[in-house]
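Please walk me through how to read the features of the structure below, one at a time.

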Amino acid sequence: MKNSLLAILAALALFLFLYAIGAFNYGSLIGDEGFRRHAEARRAGVARTPGWQIALVGDFIRPGHDHEVADGVIAAVNFINRTGGVLGREINLQLLSPENDLAANRLLTEEQAKSNSIALLIGAMKSEQAESTRALTQRQALPMVTPAALHPGELPPLAPDLFVSTAPPPEVWSAPILRQLTTSGIRKVLVITPEEAGEGAFFALHLESVLGRHPEFTEIFRCGYTYPARVAELENLLRQLHGSRLFEAILFTGPAADLEALGTALRASGVRLPVFGAVSLDTVLLPRYARDFPNALYYPRLTERLIDEGQADLWKTGNGTEPTLAEQSGMLAVSVFREALESLGAYEPAAVGRSMRQILAERLKPSGNTLRATLVKYDGTPLAHD
């Protein structure tokens, strides 16, 4: 009995080790035959259902990133339905909000994935949700779009892969920051980031890697803070680190909501360094949080839109402003689904996922001036030489 138990534990340990090093992927665990069975059931279920059923899962009840994504999704659905729908069928949108509850988010996602009437899921609004959500939707052969900052290239490979992201690669955002630091002769930078896994931590690691490849940067120091930011913690970090190392700029990868605490900490510590933020600052909430920010504040913004001119003009007419990145990501999530279906002429899950990936790969390409960002000041004006 004892030997049998040891053998079982050894086999389990071996499986976990092989899984951790990538010997398996989701496709191998699901099985090709199982995937084909789910894909056929979904194709038939979508064909029987009136309209195209799209489920949006996110914390869009409260103001913030998810809310802006939802506004963009709703705007795109209304625009497409007013202009004839997709292949003669309207889009029917289901809005499902687990608020800020990861367990509820997973449950809602799993429920939608098991419903064969759903043609597309838009979800995984946070990078830390991407891998588990992808596993759920992949298992049920459900195409999925995420507007999260995590780029699919950072996830294990799948074949076929039904998971795509409307988020531009991180190189798009780090390039203008690198240009400005180099042009300004800045050589010592302090990276301040939330400790929790997510978009901020992901982008901080990317920035550290990018700057580390340039020998002219003599000091790159990354420190974390507990989210949500507390003034006392940030002030203590600034007094200790800036006083001993004499940094020349701060790279801040936290959300706009943490700017109030950072600004208060900067003022109290007397640190007057320029602050370069992440793309998360491109939000309608920025004026609320950065109104009294004491230092020069910059963040990256796309020089061209992710969406077509017709949708952008309609948005500006209705809202009086240029859409934020999150709002554009929401619109693009629906638009790329429409483009994929119209290019295919019919719904088949694997083909839809493949087509969406090809469309987005071209549109979000960071090289060849296909997609470029520039640094803007807090008031939205671009730097003259960027």
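The dialogue below takes up strands, pockets, salt bridges and aromatic pairs in turn.

Q: What kind of model is this, and how are its residues numbered?
A: This is a predicted model, in which local features need pLDDT of at least 70 and side-chain atom pairs count only at pLDDT 80 or more, while totals for chains, interfaces and linings use all residues. Residues are numbered from 1 along each chain as its sequence is written, and side-chain values use heavy atoms, with hydrogens and water left out.

Q: In which sense do strand 10 and strand 11 pair?
A: Helices (H or I, at least four residues) and strands (E, at least two) are DSSP runs, numbered from the N terminus. Two strands pair if DSSP finds at least two bridges between them. Here strand 10 (residues 297-302) pairs with strand 11 in the antiparallel sense, over five bridges. In one of these contacts, tyrosine 298 has lysine 377 of strand 11 as its bridge partner.

Q: Why is strand 11 largely enclosed by the rest of the structure?
A: A residue is buried at under 20% relative accessible area, exposed at over 50%, and partly exposed in between (1.4 Å probe, protein chains only). Strand 11 (residues 373-377) is largely enclosed because four of its five residues are buried.

Q: What is the volume of the largest pocket, and which residues are closest to its centre?
A: The search runs on a 1 Å grid over the protein atoms alone; a pocket is an open set of points where a 1.4 Å probe fits, with protein on both sides within 12 Å along at least five of seven lines, and lining residues have an atom within 4 Å of a point. Grid points are joined across faces, edges and corners, and a volume is the space filled by probe spheres set on the points. The largest pocket has a volume of about 1,300 Å³. Its lining has 47 residues, of which His65, Lys126, Glu199, Pro255 and Ser280 are the closest to the centre.

Q: Which helix gives the largest share of that lining, and how do the residues divide by class?
A: Helix 8 gives the largest share, five residues. Among the helices that each supply at least two residues are helix 4 (65-82), helix 8 (199-212) and helix 13 (325-344). For the classes, Ala, Val, Leu, Ile, Met, Phe, Trp, Tyr, Cys and Pro count as nonpolar, Asp, Glu, Lys and Arg as charged, and the others, Gly among them, as polar. The lining of the largest pocket has 27 nonpolar, ten polar and ten charged residues.

Q: What lines the second largest pocket?
A: The second largest pocket holds about 390 Å³ of space. Of its 22 lining residues, Asp282, Arg301, Glu322, Pro323 and Thr324 are the closest to the centre. Strand 10 contributes the largest share, three residues. By class, this lining has ten nonpolar, six polar and six charged residues.

Q: How many salt bridges are there in the whole structure?
A: Side chains of opposite charge can pair when their charged atoms come close. A salt bridge is a side-chain nitrogen of Lys or Arg within 4 Å of a carboxyl oxygen of Asp or Glu. The whole structure has twelve. One of them joins arginine 36 and glutamate 33 (3.0 Å, N to O); both lie in helix 3 (residues 32-48), three residues apart, about one turn of the helix.

Q: Which parts of the chain does the salt bridge between arginine 305 and glutamate 322 link?
A: Their closest N and O atoms are 2.5 Å apart. The pair links distant parts of the chain: arginine 305 is in the loop between strand 10 and helix 12 (309-319), and glutamate 322 is in the loop between helix 12 and helix 13, 17 residues apart. Arginine 305 is partly exposed, at 32% relative accessible area, and glutamate 322 is partly exposed at 37%.

Q: Why is the pair of tryptophan 52 and phenylalanine 337 called edge-to-face?
A: Rings of Phe, Tyr and Trp (its six-membered ring) pair if their centres lie within 6.5 Å; planes under 30 degrees apart count as stacked, over 60 as edge-to-face and the rest as tilted. By this rule there are four aromatic pairs. The rings of tryptophan 52 and phenylalanine 337 have centres 6.2 Å apart and planes at 85°, so the pair is edge-to-face. Tryptophan 52 is in strand 1 (residues 52-57) and phenylalanine 337 in helix 13, 285 residues apart.

Q: Are tryptophan 52 and phenylalanine 337 buried or exposed?
A: Tryptophan 52 is buried, at 3% relative accessible area, and phenylalanine 337 is buried at 0%. Tryptophan 52 also forms a tilted pair with tyrosine 347, at 6.1 Å centre to centre and 45° between the planes. Ring pairs link Trp52, Phe337 and Tyr347 into a cluster.
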